[in-house]
Every structure is written in structure tokens, then in C-alpha cells.
Amino acid sequence: MPGTLLLTNATIVTLGPTPEVIAGGAIWIENGKIRAFGKSEEVLAQAPPVSKLDLQSRVVMPGQINAHDHLYSAFARGISLKDEAPANFLQILQRLWWRLDQALSSQDCYLSSLLGFTEAVQRGVTTVVDHHASPACIDGSLDRLAEAAQQVGLRACLCYETTDRHGEAGARQGVMENLRFARHCQSSADGRLAAALGLHASITVDSRTLSLALTEWPEDVPVHVHVAEDMCDVEHSLKTYGRPPLQRLLEEGLKDRPVWAAHCIHLQPHEKDLLAVHGVTVMHNPRSNMNNAVGCAPVQELLERGVPVALGTDGMSQDPAEDARALAVIHKHQAADPRGFAWENIYRVAFLEPARLASARFGRKLGVIEVGAEADLMVLDYDPPTPLTGGNFLGHWLFGMGTAPVWGTWVAGDCVFFKGQVAGVDAADLKARCRAAAENLWERW
Ligand SMILES: [Zn+2]
């Protein structure tokens, strides 16, 4: 039966609010969900004779969840800019991302996302929340990403980046693509696709576009938007709307809706409270923020106010573990205090909040090993060189386990990556196709 399996001889790391480590454990997966887990003898006593996989003491834990990504950025790897090196964030957008996204074809959207999803499951990622842009081929672009996600077999929450950069017609097309895809997801029943409403940022979404986007958008489906990533967004909003961007967006229609706000670096003091009051979830992307030199989000302050903050990669790579390591150091560095960011906060941002966000969006329990949760799992070739316990899991994750080779990845009990092979993709062939597509893109961008 698909999605039915018994993992034996496992070192189970449950994650969840109180992570536990169970050595000599087993997990019984039935119909894509965890039916039972615990000490091997207890689980084996209840499980029927289904197919067994001996993990030989390897670590099994919930698959990683990437709360903010841009798969379309894949072909920027190794690209040469055509102008002088950008001196600020707006120039990074103008000289790299807005030029690159404009050149993407429908096939580029498919190949870049197929590459990203492939690299994701190779790192044990089972859920990706993406924010897509391809202004020259908007209509149907999310279908191309969905096609790639389904080929690889992981869960993807997709949206199209609505923006005024391409006039009223482009903005309208962006809105319509989000709506079209959201309706498509409602009819797709396997629970691996979900939608959000994508908005670029206050700086490129005027009041008319925002109103158009919100008019037909269901009030219970999240809006995924970049907020105060750089001071240029704040200055523009203050000048144009007389209010900073988060306040502006909330007042112009987002305040009664679920909102995922990426970055939130340059918030005014009262906006930190607005995040808490309106239950906005912040997506934090520390490596991207350092790479763009845009500043450091006030994550500690947000957490103290009860604002949920979930970790993403922002397209820097497909491995959230890398951002977890950055998360663990950037806030201490910023505070110039080794006590500047507590372990509980790292765990919350890297694991608990991405799991909460993904579980809410996909309507099923994700990011934890517990009875009834989805069997979205990764198995790591990690033989701990020091004692591994529930209490010190995070220390292992940050200083060794998070870079350990991934042996296998399962989504809803289906094996999507095993011993170097991605089930739905010939990785060598894909890379050859991507190289050809990237070379072509680099000539015309
Ligand atoms: Zn982003």
C-alpha cells in the first residue's frame, strides 16, 4: 500500500514543543501518516507485517520546512551582472532580480523550480513556501511550479508576486494568476499544493493594485508580502502614503487577514506592536539579509511581543539548516552579547513556527513526529559523536547534524529521495537542461 512502511532501528528525534530522542526506535507509517512510534519492541508488537526499512541507527526526524523561498532565482547562480556592482538594495533589485525575472520563460520557471525542489528534498526539505515572479509569462506560471513540485513529490505553497512594475495590465495579470491558482489548489485533493496571495512589497504595490488584489481574495487565505526589507520601502511609503509600509498595508486591507510578512527589518516602534495585534507571521531570512546588507530584523523584540517568526532561505539555497546556523549567530553578533538570542528562540524560529505555519496552511500536522502527524520525514547519516538528547538536539543540529548527509526523504510516507536518487527526477539530466537554459537566459537577460 502506498505511504505504508515501518522504519526500524531508528534514532528518532521528534521535534515539537518538547523534542525527544528515542534510540532503538521504530515508526509505523500508515496511509501517509504516523500511526505509531516509540521503542522498537512496542511498535513492532502492534504493527502488521508491512514492508520494513532498517535505518541502522540513523537519525529520523521531521522534514525541514522552508517558510520563504524564491525558486526562480536558481539561474542566478554564477551569473555576471551587466552593470556596475549594485551599491544598495534597490540597485540589487534593478540590476539583478528585476532583470532576471523579466527574462524567465515558462520553461525556465519549470526547470528552475524543478532544480530547487530537487535540491530541497536532497537536503531533507518536505515543504517549501515560495514567492514567484516571471513578468513575461505570468499566466500559468504557478502551474509550472506546481508541476515541478508534484514531479518531486514535496509540499509547495505557491504565490505570484503581484507588482506595479509592469503597469496596470501586469498588476492585474499577477492578481488573476494568484486567484486562478488558488482555485486550482482547492480542487487538488492530495494535500501537497497550497496557495497564498503574493504581493511584492509596498514600494511596488499601489493602493489600486492592493484593492484589486484583495477584492476577490478569500479572507482566510494568507497574503504573502515583503515588508520593510530595506529603508527604500519605508521611505517610499512615508512619502507616498504618510505611513510606514506595514501600517499602510494593514490599514489598506490586510488587517483582517492572515498575513505572512517577509523580513520586517526596518519597522517603526509602533509597527512591532501592530504585528502582534494583527497576528502577522514574520518570515526571517538572515543569510539573505546579510548578503543584501539590508540590516538585521529585530527578531528578539518580535518574539517578546508574541509575534510568530518563521525561518526561510529567501532563495539563497534550498537548505533551511544553513539559515538556522546564521540565525544562531547573527542576533548575538548584532547584540554584541553572547546571551543576545536564547536557544529557545532559535528553536522556535527554525522549527516550531515553520511547522505551525505549514500545518495551518496545509490543514494537517507537519513538522513533528507524533501519532496522526503526516509522515514527512528525513533520515540523516548522523552518528552523534557526543550524547544526543531531546534537550541538546539543537546544539547537534547547529554544530554538525544540520550538515550531515541526508539518506532519505519521505513525504506523506512516500519516498521522494533515497540513497542519492530523487525518485521523480534524473538529477544529472536536469542539471544539463538547467545549464543550457541558464546559458540561454544569461545571453538574453
Ligand atoms: Zn523574498
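# Close-up views of a predicted model

**View 1. Helices α5 and α6 side by side.** The crossing of α5 and α6 is right-handed; a crossing gets that name if the near helix is turned clockwise from the far one by less than a right angle, and is left-handed if anticlockwise. Before going further, please note that this is a predicted model, where local features need pLDDT of at least 70, side-chain atom pairs count only at pLDDT 80 or more, and totals for chains, interfaces and linings use all residues. Residues are numbered from 1 along each chain as its sequence is written. Helices (H or I, at least four residues) and strands (E, at least two) are DSSP runs, numbered from the N terminus. Here α5 covers residues 167-187 and α6 covers residues 207-216, and the two pack at an angle of about 20° with their axes 10 Å apart. Axes are lines fitted to C-alpha atoms, for helices over the stretch in contact, and angles run from 0 to 180 degrees between N-to-C directions. The angle makes α5 roughly parallel to α6, a label for angles under 35 degrees, with over 145 counted as roughly antiparallel, 65 to 115 as roughly perpendicular and the rest as oblique. On the α5 side, look for A171, R172, V175 and L179; on the α6 side, T209, L212, A213 and E216 complete the contact. Two residues are in contact if their C-beta atoms, placed from the backbone, lie within 7 Å. By class, this contact of α5 with α6 has five nonpolar residues, one polar and two charged. Ala, Val, Leu, Ile, Met, Phe, Trp, Tyr, Cys and Pro count as nonpolar, Asp, Glu, Lys and Arg as charged, and the others, Gly among them, as polar.

**View 2. Helices α3 and α15 packed together.** Helix α3 (residues 106-122) packs with helix α15 (residues 427-444) at an angle of about 135°, and their axes are 10 Å apart. This angle makes α3 oblique to α15. The crossing of these two helices is left-handed. From α3 come Q107, D108, L111, L114, L115 and T118, which meet A427, L430, R433, C434, A437 and L441 of α15. Sorted by class, the contact of α3 with α15 holds eight nonpolar, two polar and two charged residues.

**View 3. The five-strand sheet.** Five strands form an open sheet in the order β10-β11-β12-β13-β14, with parallel pairing; two strands pair if DSSP finds at least two bridges between them. Strands β10 (197-201) and β14 (309-311) stand at the edges with a single partner strand each, so one side of each has no neighbour in the sheet. Direction ignored, neighbouring strands of this sheet are turned by 25° against each other on average. Five of the five residues of β10 are buried, so β10 is largely enclosed by the rest of the structure. A residue is buried if 20 or more other C-beta atoms lie within 10 Å of its own, exposed if 12 or fewer, and partly exposed in between, with C-beta atoms placed from the backbone. Helix α8 (residues 245-254) lies across β11 (223-227) and β12 (259-263), at about 155° to β11.

**View 4. Strand β1 and its partners.** Seven of the nine residues of β1 (residues 5-13) are buried, so β1 is largely enclosed by the rest of the structure. Strand β2 (residues 21-30) runs antiparallel to β1 and is joined to it by six bridges, with V21 in β2 as the bridge partner of V13. Strand β4 (residues 52-54) pairs with β1 in the parallel sense over three bridges, and there L7 stands opposite L53. Strand β5 (residues 59-62) also pairs with β1 in the parallel sense, over two bridges; I12 has V60 in β5 as its bridge partner.
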